[in-house]
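Work through the following exercises with the sequence and the model side by side. Try each task on your own before you read the solution below it.

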Amino acid sequence: MEIETKQKIEEGIVKMLKTVYDPEIPVDVYELGLIYGINVLDSGDVIIDMTLTAPNCPAADFMIEDVRIKVQSVEGVKSVDVNIVFEPEWNQDMMSEEAKLELGFL
């Protein structure tokens, strides 16, 4: 797969991730800093490493499925694996400036 194609797919993935929200926080998972990695393989398979704001997040299953379904809809994506990781542990410093502003941290 060409580098330009991978970049286009990754841009589409980021755009879709910005439509996935933690139901308890009015900011998307990408701006919250919950996405640790996006790996687009030559096969069109995508591996996403993400975390949760808390290990016992009640909305975890909903958010993971929302990420999977929305990323799967990006042109060029064949399959999506979402890996939940807790290292490094998420903290508010991982949020974008936009997210911090939205939540009143700035």
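Two residues are in contact, or touch, when they have heavy atoms within 4.5 Å of each other. The model is predicted, so that local features need pLDDT of at least 70 and side-chain atom pairs count only at pLDDT 80 or more, while totals for chains, interfaces and linings use all residues. Residues are numbered from 1 along each chain as its sequence is written, and side-chain values use heavy atoms, with hydrogens and water left out.

**Exercise 1. Confidence and order of elements**

Task: Find the mean pLDDT of the chain, and decide which element has the lowest mean pLDDT and which the highest.

Solution: Begin with the term itself, since pLDDT is the predictor's confidence in each residue, from 0 to 100. The mean over the chain is 94, and 100% of the residues reach 70 or more. Among the elements, helix α3, which covers residues 97–102, has the lowest mean at 92, whereas strand β2, residues 45–50, has the highest at 98. Here helices (H or I, at least four residues) and strands (E, at least two) are DSSP runs, numbered from the N terminus. The chain holds three helices and three strands, and along the sequence they follow the pattern α-β-β-α-β-α.

**Exercise 2. The chain as a whole**

Task: Why does the radius of gyration of the chain agree with that of a compact globule?

Solution: First take the rule, in which the radius is calculated over C-alpha atoms and the globule value is 2.2 Å times the number of residues to the power 0.38. Because the chain has 106 residues, a compact globule would have a radius near 13 Å, and the chain, with 14 Å, agrees with this. Next, look at the box filled by the C-alpha atoms, which is roughly 40 × 25 × 25 Å along the principal axes. Finally, consider the contacts with a separation of 6 or more, of which 62% join residues 24 or more positions apart.

**Exercise 3. Around E89**

Task: Is E89 buried or exposed, and which residues does E89 touch when those up to four places away in sequence are not counted?

Solution: Start by locating E89, which is placed in the loop between β3 and α3. P88 is also placed in the loop between β3 (79–84) and α3, and a cis peptide bond with an omega of about -5° joins E87 and P88. Then apply the cut-offs: buried means under 20% relative accessible area, exposed over 50%, and partly exposed in between, with a 1.4 Å probe and protein chains only. E89 has a relative accessible area of 63% and is therefore exposed. With residues up to four places away in sequence not counted, E89 touches Y36 and M94.

**Exercise 4. D45 and E102**

Task: How many Å separate the C-alpha atoms of D45 and E102, and which residues does each of them touch beyond four places in sequence?

Solution: Locate D45 in strand β2 and E102 in helix α3. D45 is partly exposed because its relative accessible area is 25%, whereas E102, at 52%, is exposed. The two residues lie 57 residues apart in sequence, and their C-alpha atoms are 33 Å apart in space. Leaving aside residues up to four places away, D45 touches N39, V40, K78 and S79, while E102 is in contact with P26 and V27.
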